[in-house]
Amino acid sequence: MTQKVAVLGTGKIGEALLSGMIRGGWTPADLLVTARRKERAGELRTRYGVTPVTNPEAAKTADTLILTVKPQDMGTLLDELAPHVPADRLVISGAAGIPTSFFEARLAAGTPVVRVMTNTPALVDEAMSVISAGSHATEAHLAHTEEIFGAVGKTLRVPESQQDACTALSGSGPAYFFYLVEAMTDAGILLGLPRDKAHELIVQSAIGAAVMLRDSGEHPVKLRENVTSPAGTTINAIRELENHGVRAALIAALEAARDRSRELASGNN
């Protein structure tokens, strides 16, 4: 890898990306980082051998800029970067809800921008990263972005108009599963199991179910039916889930997440 890549605002996701890129073949000498605190920048240098720089230095030096700051901080960061970013730099945004047009309006005319929504399983190389091109991003820019984010999981290209929906489904998605595991663990305790045993049962069941969904090629309805015997335990549980409107609640929850992503795009923090 000969291009220099800078991760700006290197938090947990940014660090996971750095770590994955190094495992994927990037040389630490070609990776730059910025962090709000000097102590944090020093930690990253010690841990990975990358070079801490200021945001303007990153803009002047790196071929690709990956912006991982919070959405509400993105405008301030762009104000700092804009005087220093040449139009041939690839700018990758990891900020939920902010469209590529927001960046294009603040950077030099023709700057290629790619929008990415990744998620926290990047920490264990199992991310789902959704990629959309801005007005000036080419196939080469998209391929380069896939190469970077492919180091920490799977990638999927979608039109930018679908990004808010993807944010609701996969960006926030891990939290829904953690919430479900939390509730099922509480149920296990109510049924008389120790917390550690309930947790182990549920986590392994979740892993097994996820692998079956990924590898079997079967529709989830078919997989569920395979577990659901007539007049058995599972159908009684499913009936209660339907009686309590769990399916409708999930749909409403994802719509709420999508709507919040749209609010962030409009600047309503």
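Me: Leaving aside neighbours within four places in sequence, which residues is Ile 148 in contact with?
Reply: This is a predicted model, where local features need pLDDT of at least 70, side-chain atom pairs count only at pLDDT 80 or more, and totals for chains, interfaces and linings use all residues. Residues are numbered from 1 along each chain as its sequence is written, and side-chain values use heavy atoms, without hydrogens or water. Contact means heavy atoms within 4.5 Å. On that basis Ile 148 touches Val 5, Leu 17, Met 21, Trp 26, Thr 64, Ile 66 and Ile 92.

Me: How many residues does the largest nonpolar core have?
Reply: A nonpolar core joins buried Ala, Val, Leu, Ile, Met, Phe, Trp, Tyr and Cys residues through side-chain atoms within 4.5 Å. Buried means under 20% relative accessible area (1.4 Å probe, protein chains only). Ile 66, Ile 92, Val 114 and Ile 148 have the most contacts inside the largest core, and its size is 25 residues.

Me: Which element gives the most to this core?
Reply: Helices (H or I, at least four residues) and strands (E, at least two) are DSSP runs, numbered from the N terminus. Elements giving two or more residues include strand 1 (5-8), helix 2 (38-48) and helix 6 (139-149). The top contributor, with 4 residues, is helix 1.

Me: Why is helix 1 roughly parallel to helix 2?
Reply: Axes are lines fitted to C-alpha atoms over the stretch in contact, with angles from 0 to 180 degrees between N-to-C directions. Angles under 35 degrees count as roughly parallel. The two axes come within 12 Å. Helix 1 is therefore roughly parallel to helix 2, as their axes cross at roughly 20 degrees.

Methods
Buried means under 20% relative accessible area, exposed over 50%, partly exposed in between (1.4 Å probe, protein chains only). Angles under 35 degrees count as roughly parallel, over 145 as roughly antiparallel, 65 to 115 as roughly perpendicular and the rest as oblique.
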